[in-house]
Amino acid sequence: MVEFSMDAIVSFRSFMADSPSFLPAAGAAIALFAAKKVLDRFDLMDKICNRTYIYNICWEDPAVDHQVLNITHDDVIFRICSAGDIVLDYAIEGPSKIVVCDMNLHQLWLFELKIRMLRDPKLTYEEWWGIWGDSDVETALKVWKRMRHTMSADGRKWWDGRMERVFRQGFATTGSTGFIVRAMLPLFMWVTGFNLREWAESGFSHEYMVRNARVLENSAKWFRWLFPGILAPFAGVPANQIGPEFYTTEFYEGILKQIFLDPAFGKSNYFWRFYCERGYKDQTCCPRTLQREHFNALKENSGCFEWHHATVQETMERVQAATFTKLVLLDHMDWMPNEMVHNEWIALQRATVPGAKILWRSAFTHNDDKPFFNNLDVNDLTPKWYAKDRVKMYPGTFLSYMPRDDFPFIDSEPSLCQKASFLTKVKTSAKMILHPIIGSGADEHGDKMSSFYASQASGYDAVREKMLVA
C-alpha cells in the first residue's frame, strides 16, 4: 500500500524539475510503479533464487577483510559463499581450509565452476582472464568442454544450458544484479544526462566526475523512488533489511558521492568499474584473483575448498567441533529474528575454537534490535573501515571473538530498552534529571519518591537497562 504525503508530492515535483528528459522517462517510471504493484504480491527474491544466482561478484571489499582477519596458513575459515570471489582471494594466502555455504544453489554452481576450472591442470592464466575478465565466450566454451566432466551432475546440467549464453551476453550482466546493470543503467544514464562512455574514455577521471557531480544528485532521487520497492530484491536486499533511511534522497546521495567522487576510483575501484564497463577491462584495476602474479597461488590452493548447500547453522552442525579459527558471516543476521540468531551462535560456538574471530557486516550501524549480542564483546569497526571500503554496501562492520563459556539462556523477545524509541529514552531521562525542578512539590520523602517514579514510570524500564550497563 503506497501512501502519498504533501512532502512526497513536493519532493516528486522537485525530482521532475531536476531530471532532464523527465517526460520521456515518465512512461518508464509508471511501468516500474506498475511492476512494483505486481511484485508486491509474491516473494521476488525467492523466485530469483529458484532460477539463477543473485550476485555475479561479491559486494564486500576483501582488502578490509585481510586487514581485519590476518589470514595465516593454520587458519580454517568459514564464509557465506555469495559469488565466491572473496574466498578465492582468501585462498591466495594459503589457509589450511575454507568452508562455504549458501542457500542459493545457483551461487554454489557458479562457485563450483570457478573451482573446477582452477583445478584443471591445463588451465592457463590467459584462459582464466579470458573467461572471468574479458567474458570471452570461445575461451569459456573451450575450457568448459575440457573440464565439464568434473562438475557435479546438477551443476553440469545447469551450466550446459547456459555457458554459451552467459559469456556471450557478458558475465557482468548475468544474475539478478547483472540484470539491473543491463536493464537499468542505460535508463539512469539517459534520464540523468550523463555520458558514461565519455567518462570511461577519460580513464574515469576524477575531474570529469567533479564537473558532472549533478548526476549523482539526480541519480539519488531516482534511487529513492525505485530501490526500496523494485530494485532491492534484484540486489539481494529483503524488505526487513530496508530501514527508514532507504526512503531518503540523502542516504543514496551520500553513498554515491563517497564512491564516485573518490579520487582513486579509476585506479582501484574495480567493483563498480566492473558494472560501469560491463566486465574487467583493465588488468591493472581488477581483483587479485585475476592478477597474473597471484594465479599460481590460486591454482595451488584451489584444493582447500569445501562447500555446502545449507544454512549457516546447518553447516556448523555438520562439521567437527572446534573446526574454525575465523568466520565471516556477511549481513545475513540482519534478516533473522533474535531467537534464530541465538540458536545459530550456539551452533557457531560448537564449531569454532575459543577466541575465533567472527567478522560480520550489516545494513545498520548497530545491533540493538537483537538482545543476543549483549552476550558478546562486539567491536564496532565501522568508524575505522567504512571509509576505506570501496564498495560501500554495508554501513556497519563488526568484529567479535568466540567466548569460551557457553552462551546463557536469553529471552527471545527484545527488552523494553531495545524496543523503546530514542525519543522515549530522551524524554524519560530528561524527566529524571529535571524532576527536582519541575516536580509536584510534595513535602514528605515518600510522596516525593512516588511523584518522581510516577512522572516517568512508562519509560523508566526502557532506560534503566542502559543505566545499569553504562
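**Aromatic pairs and ring-charge contacts**

Phe 111 is buried, and Phe 305 is buried too. In this predicted model, the two rings make an edge-to-face aromatic pair, with 5.4 Å from centre to centre and 80° between the planes. The pair bridges distant parts of the chain: Phe 111 belongs to helix H6 and Phe 305 to strand S3 (residues 305–309), 194 residues apart.

That pair is one of 46 aromatic pairs in the structure. Another one brings together Trp 109 and Trp 158, and here the geometry comes out as tilted, with the centres 5.9 Å apart and the planes at 35°. A plane angle under 30 degrees would have counted as stacked and one over 60 as edge-to-face, so a value between those cut-offs gets the tilted label. Trp 109 sits in helix H6 (residues 105–118) and Trp 158 in helix H9 (residues 153–160), so this pair ties together parts lying 49 residues apart in sequence. Both tryptophans, Trp 109 and Trp 158, are buried.

Lys 114 has its charged end over the ring of Trp 132, at 5.3 Å from the ring centre. As for Arg 224, it lies over the face of Trp 225, 4.6 Å from the centre of that ring.

On confidence, the protein has an average pLDDT of 84, and 77% of the residues score at least 70. Residues 1–26 are another story: pLDDT stays under 50 there, and the model gives this stretch 26 contacts beyond four places in sequence. Residues 445–450 also have pLDDT below 50, with 4 contacts in the model beyond near neighbours in sequence.

Technical notes: Residues are numbered from 1 along each chain as its sequence is written. This is a predicted model: local features need pLDDT of at least 70, side-chain atom pairs count only at pLDDT 80 or more; totals for chains, interfaces and linings use all residues. Side-chain values use heavy atoms; hydrogens and water are left out. pLDDT is the predictor's confidence in each residue, from 0 to 100. Contact means heavy atoms within 4.5 Å. Rings of Phe, Tyr and Trp (its six-membered ring) pair if their centres lie within 6.5 Å; planes under 30 degrees apart count as stacked, over 60 as edge-to-face and the rest as tilted. Helices (H or I, at least four residues) and strands (E, at least two) are DSSP runs, numbered from the N terminus. Buried means under 20% relative accessible area, exposed over 50%, partly exposed in between (1.4 Å probe, protein chains only). A charge sits over a ring if NZ of Lys or CZ of Arg is within 6 Å of the ring centre and within 35 degrees of the ring normal.
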